[in-house]
Amino acid sequence: MTLKKISLSKVLPVFLTFIVMGFVDIVGVSTGYVQKDFELSDTLAQFIPSMVFIWFFVFSIPVGLLQDKIGKKKMMNIGITVTLLGMLLPFLHYSFIMVLIAFVCIGIGNTIVQVAANPLLQEVIPKEKLSSFLSLSQFIKAITSLLGPIIATYMALHYGDWRLVFVVYSVVSVISLLWLYTTKIEEVIKSDTPATFASCIGLLKNKFIIAVVIAIFLIVGADVGMNSNIQSFLMKLHGMSLESASYGISVYFTALMISRFLGAILLQFFKPVLFLMSTTVLAIAGTLLILISPNEFLALGGIFIVGLGAGNLFPLVFSIAINKMPSRANEISGLLIMAVVGGAVIPPIMGIVTSVTGVIGSILVLILCFAYMLILPLVKNRQSDTL
């Protein structure tokens, strides 16, 4: 395939699926509104993001295996359909249980979408251009994550119902579903050695692989924990209203978007390990600024700095792991996608800590998650191979 053979009629519907992928980040702003609507404790509220991210652990490898049999486009359509169902459920009956069920559907749907998206993009983009298009797709996803809290807050302020953000998302999901369904994509790239549970578990005998799996677990956990607690941080530390505090989430996702765009450029000049260390220190510095900030403006600045630091941690660790053992890329990818379950574990821990020690304790949990990234180079140095 050459650059001249790139067809926008095939690339654009695939890019739209990355917008659908970004819908999952609405769980952050949703957590604050659901907690307010049903007067939930901090501990109980943090189970909402858990209902989303636990399914990465359960379904990532089975979805990959099924995808080999039925095809990437069909798998993607299934994922979008399940996501759409989750968006509609809160309008059938608005209760805490129904919200949990809705986010279960959104989580399962997003797991399927994430497993299918990159391989599907690979089918419509030349090999030599894939990296740049993958970076662009993550940038698009970040824009979706940025707009979600803005749309939800706008709907809450002007129409009295934050759930209307799901109507917007549902319309986009239907467009994506129909556009992709009617687009003819010839799937020619097949996996010679698809990942299995047995081959993945066998890799855990490698200390470095264990280290990067834990790293992904903590990175995603910290990201979801940050996303779903920004409102709480600003409200409890600086007395902001829920609506005003919700804009803090957009500040965070703006920083993530800028970080990923700059990362794609800077990584052409810096080694991944050095970049990982630098951005980790930046994320920790931002988290500390939130903790000691005397006013909401510095707190928002801290949130922005955390986003700048955290934005590239996932792709950095992922690429370092794959480059370490390229011949086992399928198994490593399966393990790292399963480790996304950290987004279901860390937020409840933060909720429990908040209930016991206050908001300061949950911020310290974030710092510990980020600090673990500084250990990876030490683990790497013990291995015979170089990164």
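## A pocket and its lining

Helix 10 gives the largest share of the lining of the second largest pocket, six residues. This is a predicted model, in which local features need pLDDT of at least 70 and side-chain atom pairs count only at pLDDT 80 or more, while totals for chains, interfaces and linings use all residues. Residues are numbered from 1 along each chain as its sequence is written, and side-chain values use heavy atoms, with hydrogens and water left out.

The second largest pocket has a volume of about 240 Å³. Of its 16 lining residues, Gly32, Gln35, Asp42, Ser232 and Met235 are the closest to the centre. At least two lining residues come from each of helix 2 (27–38), helix 10 (207–238) and helix 16 (342–357). By type, the lining holds three nonpolar, 10 polar and three charged residues.

A pocket is an open set of points on a 1 Å grid over the protein atoms alone, where a 1.4 Å probe fits, with protein on both sides within 12 Å along at least five of seven lines; lining residues have an atom within 4 Å of a point. Helices are DSSP runs (H or I, at least four residues), numbered from the N terminus.

## The nonpolar core

Which residues have the most contacts inside the largest nonpolar core? They are Phe53, Phe103, Ile209, Met226 and Phe370, in a core of 115 residues.

Beyond its neighbours within four places in sequence, phenylalanine 53 is in contact (heavy atoms within 4.5 Å) with residues including Val24, Val220, Val340 and Ala344.

## Salt bridges

The model has five salt bridges, each a side-chain nitrogen of Lys or Arg within 4 Å of a carboxyl oxygen of Asp or Glu. One of them joins lysine 141 and aspartate 25 (3.4 Å, N to O). Lysine 141 is in helix 7 (residues 130–159) and aspartate 25 in the loop between helix 1 (8–21) and helix 2, 116 residues apart. Both lysine 141 and aspartate 25 are buried.

Another salt bridge pairs lysine 36 with glutamate 243 (3.7 Å, N to O). Lysine 36 lies in helix 2 and glutamate 243 in helix 11 (residues 242–266), so this pair ties together parts 207 residues apart in sequence.

Technical notes
Points joined across faces, edges and corners; volume = space filled by probe spheres on them. Nonpolar A, V, L, I, M, F, W, Y, C, P; charged D, E, K, R; others polar. Core = buried A, V, L, I, M, F, W, Y, C linked by side-chain atoms within 4.5 Å. Buried < 20%, exposed > 50% of the residue type's maximum accessible area, 1.4 Å probe, protein only.
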